[in-house]
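Here are my notes on the model you sent over. Have it open while you go through the points.

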Amino acid sequence: MKFLIGSDIHGSLYYAKLFLKEASSFDRILLLGDLYYNGARNDPPKDYAPKEVVSLLNSYKDKIIAVRGNCESEVDQMVSLFPISERATLFAFGRTMTMVHGHHESMEDVSYSFGDVFLQGHTHVSVLKERDGKLFLNPGSVSLPKDGRHSYMTMDERGVALIDLMTGEVVSSYPWKR
């Protein structure tokens, strides 16, 4: 099983295409919210085209597991051919993982038992860290990074990698402990 993990596309067709260019080699695409719109605080990203991003993501509908971000609306859920949940729980690689966007609950203040891995987006800043035996992940932002790097993550039976979207470079990684 291989996961492609991204967040905060914000309607950029340009960055969505870059992110999904190798999606066919992944079993699942995990999306951590803010898929289509940029919100009032952000300038529109490069090639801002929410309708086209809807069509592109819908072409992967059978692979996508998505959670709702603060920029998603009920209409977004109506045009998406895949479900968009408030929270998702997965079991893979012998671990329980919880996915959220991060605007209601975040890795800084999570107060419930989420399992072994906590995945969130929202901040547009990438995080790959272990704390108290738990793994906390944020792939950063595909289109509007606040840490200077367009990024995403991959996850497979070996572990997790943070990837620079523009160069393909592995920025950091975490091997699963057996």
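**Notes on the fold**

1. Let me start with the hairpin of E8 and E9: two residues sit between the strands, and Asp 132 has a positive phi near 55 degrees. E8 (residues 126-131) and E9 (residues 134-139) run antiparallel and are joined by six bridges. Across the pair, Leu 128 is opposite Leu 137 of E9. Strands here are DSSP E runs of at least two residues, helices are H or I runs of at least four, and both are numbered from the N terminus. Two strands count as paired if DSSP finds at least two bridges between them.

2. Before going further: this is a predicted model, with local features needing pLDDT of at least 70 and side-chain atom pairs pLDDT 80 or more, while totals for chains, interfaces and linings use all residues. Numbering starts from 1 along each chain as its sequence is written, and side-chain values use heavy atoms, leaving out hydrogens and water.

3. There's also an open sheet of seven strands with mixed pairing, in the order E4-E3-E2-E1-E10-E11-E12. Its edges are E4 (84-85) and E12 (170-175), each pairing on one side only. E2 and E3 (residues 64-67) run parallel, with three bridges, and Leu 30 has Ile 65 in E3 as its bridge partner.

4. At the other end of that order, E11 (residues 159-164) pairs with E12 in the antiparallel sense over five bridges. Leu 162 is bridged to Ser 172 in E12. Five residues lie between the two strands of this hairpin, and in the turn Gly 168 takes a positive phi of about 80 degrees.

5. Now look at H1 (residues 13-20), where Leu 13, Tyr 15, Ala 16, Phe 19 and Leu 20 are buried; that means under 20% relative accessible area, with over 50% being exposed and in between partly exposed (1.4 Å probe, protein chains only). These residues lie on the same side of H1 because they cover an arc of only 165 degrees around the axis, taken from the directions from the helix axis to the C-beta atoms. Their cover includes E1 (3-6), E2 (28-31), H2 (50-58) and E10 (151-156).

6. Which loop holds Arg 68? Arg 68 is in the one between E3 and H3 (74-79). It counts as buried because its relative accessibility is 17%. Among the residues Arg 68 touches are Gly 33, Gln 77, His 101 and His 103, contact being heavy atoms within 4.5 Å.

Technical notes
Lists of a residue's contacts leave out its neighbours within four places in sequence.
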